[in-house]
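Here is a structure to look at together, one label at a time.

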Amino acid sequence: MDTEKFLQYVQAENKVEPKDMMPEDYRKLLVRQISQHAHSEVVGMLPEANWITRAPSLRRKMALLAKIQDEAGHGLYLYAATETLNNGEIAADRDSTYNDMLSGKAKYSSIFNYPALSWADIGAIGWLVDGAAIMNQVMLMGNSYGPYSRAMLRICKEESFHQRQGYEILMTLCRGTKEQKQLAQDALDRFWWSALMMFGPNDDASPNSQKSMNYRVKRESNDSLRQRFVDVTVPQAEFLGLKVPDKNLKWNEETGHYDFGDLPWDEFMEILKGNGPCNKKRLETKRKAQAENAWVKEAAIAYAAKQENLQMS
């Protein structure tokens with residue numbers, strides 16, 4: 001495989017399809033990134049699912065259920081896109097990638113290792129976490145791998161709904177009692193820094209970012225996306241009457257961007273090592289679900305085999 005010609009091909013904005021020849025490191029990069037994205041979708045359902053029965057109204061329950069259902073669908077799209085990269089040498093089938101996540105070998109977004117302590121946290125997750133996801137994922141609609149690019153079209157549309165839903169929850173709280181507005185402020189305090197860390201390490205400390213950009217899988221750097229997120233989100237917080245928990249935050253007239261403080265990268269690295277507030281709980285929940293529901297998969301496989309035998313006889 002001529003890597004230089006391949007780079008020229010993708011940098012000319014051409015799409016790569018599953019049966020096309022591709023460099024091994026491009027395939028590995030995609031398997032890691034798309035499967036990690038899929039894991040993030042299915043693990044991201046857990047903190048919100050915990051609030052279905054405690055949502056303050058039937059309308060809120062229905063909206064939250066719809067959102068969680070969307071996240072499950074996103075995971076399925078992305079696992080299916082990952083499977084198109086399976087070539088016998090690099091394992092990209094659903095069982096392999098999912099088991100890598102359960103074993104801790106593969107990661108998911110660090111944000112989902114934090115608990116949702118109040119109803120306001122559900123609003124903050126929608127506004128900040130899904131807002132950061134949209135900032136990342138709109139870029140991914142134009143990535144060089146066809147199945148991933150096409151999956152992102154629907155995902156981005158649905159994530160936009162999730163972001164608006166979260167912001168509307170916080171707006172309602174901010175227009176309520178003093179206590180309700182304080183819940184919203186507490187949620188922003190809890191999720192602000194972890195949302196900024198969703199974009200990944202700073203560019204000079206990100207081992208995969210440059211390669212991903214060269215291959216046109218990513219279209220923009222971590223730091224550039226993080227800056228854009230801050231610039232967009234700070235005015236939204238001000239509209240709500242909330243204060244961003246960063247004493248170094250200020251508008252820079254010269255650059256036309258907000259300056260902001262250093263992120264708590266030590267905390268980020270601890271979460272990557274599996275030492276976050278909910279790391280063990282999240283993985284244990286998924287392992288338990290896999291064990292308890294294995295019979296569904298086994299029954300489906302047995303039924304498919306039976307139908308195939310009937311057709312052949």
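Q: Why is E13 called partly exposed?
A: This is a predicted model, and in it E13 has a relative accessible area of 47%. Buried means under 20% and exposed means over 50%, so 47% falls in between and E13 counts as partly exposed. You can find E13 in the loop between α1 (3-11) and α2.

Q: Is R216 buried or partly exposed, and how do you know?
A: The relative accessibility of R216 is 22%. Since buried means under 20%, R216 counts as partly exposed. Its place is in the loop between α9 and α10.

Q: What makes Y26 and Y215 an edge-to-face pair?
A: Check two values. The ring centres of Y26 and Y215 are 5.1 Å apart, and rings pair if their centres lie within 6.5 Å. Their planes are at 70°, and over 60 degrees counts as edge-to-face. Both tests are passed, so the pair is edge-to-face. A search of the whole structure finds 10 aromatic pairs.

Q: Why can we say that the pair of Y26 and Y215 ties together parts of the structure?
A: Y26 lies in helix α2 (residues 24-43), while Y215 lies in the loop between α9 (209-214) and α10 (222-240). Those parts are 189 residues apart in sequence, so the pair ties them together. Together with F6, the residues Y26 and Y215 form one aromatic cluster.

Q: How do you know whether Y26 and Y215 are buried or exposed?
A: Y26 has a relative accessible area of 0%, and Y215 is at 3%. Each value is under 20%, so Y26 and Y215 are both buried.

Q: What kind of pair do the rings of W265 and F268 make, and why?
A: Their centres are 5.3 Å apart and their planes are at 85°, so this pair is edge-to-face. W265 and F268 both lie in helix α11 (residues 265-272), 3 residues apart, or about one turn of the helix.

Q: Why is α2 described as largely enclosed by the rest of the structure?
A: Of the 20 residues of α2, 15 are buried, so the helix is largely enclosed. One of the residues in α2 is S35, which counts as buried because its relative accessibility is 5%, under the 20% cut-off. Not counting residues up to four places away in sequence, S35 touches L30, T82 and T97.

Q: How do you know that the span of α2 is close to what is expected?
A: From its first C-alpha to its last, α2 reaches 28 Å, and the expected value at 1.5 Å a residue is 28 Å.

Q: What makes R54 a charge that sits over the ring of W51?
A: The charged end of R54 is 3.8 Å from the centre of the W51 ring. The distance cut-off is 6 Å, so 3.8 Å meets it.

Q: Which residues have the most contacts inside the largest nonpolar core?
A: They are Y26, L128, Y145, W192 and F229, in a core of 83 residues. Helix α6 (residues 119-140) gives the largest share of this core, 12 residues.

Conventions:
Residues are numbered from 1 along each chain as its sequence is written. This is a predicted model: local features need pLDDT of at least 70, side-chain atom pairs count only at pLDDT 80 or more; totals for chains, interfaces and linings use all residues. Side-chain values use heavy atoms; hydrogens and water are left out. A nonpolar core is a set of buried Ala, Val, Leu, Ile, Met, Phe, Trp, Tyr and Cys residues joined through side-chain atoms within 4.5 Å. Buried means under 20% relative accessible area, exposed over 50%, partly exposed in between (1.4 Å probe, protein chains only). Helices (H or I, at least four residues) and strands (E, at least two) are DSSP runs, numbered from the N terminus. Rings of Phe, Tyr and Trp (its six-membered ring) pair if their centres lie within 6.5 Å; planes under 30 degrees apart count as stacked, over 60 as edge-to-face and the rest as tilted. A charge sits over a ring if NZ of Lys or CZ of Arg is within 6 Å of the ring centre and within 35 degrees of the ring normal. Contact means heavy atoms within 4.5 Å. The expected span of a helix is 1.5 Å times one less than its number of residues.
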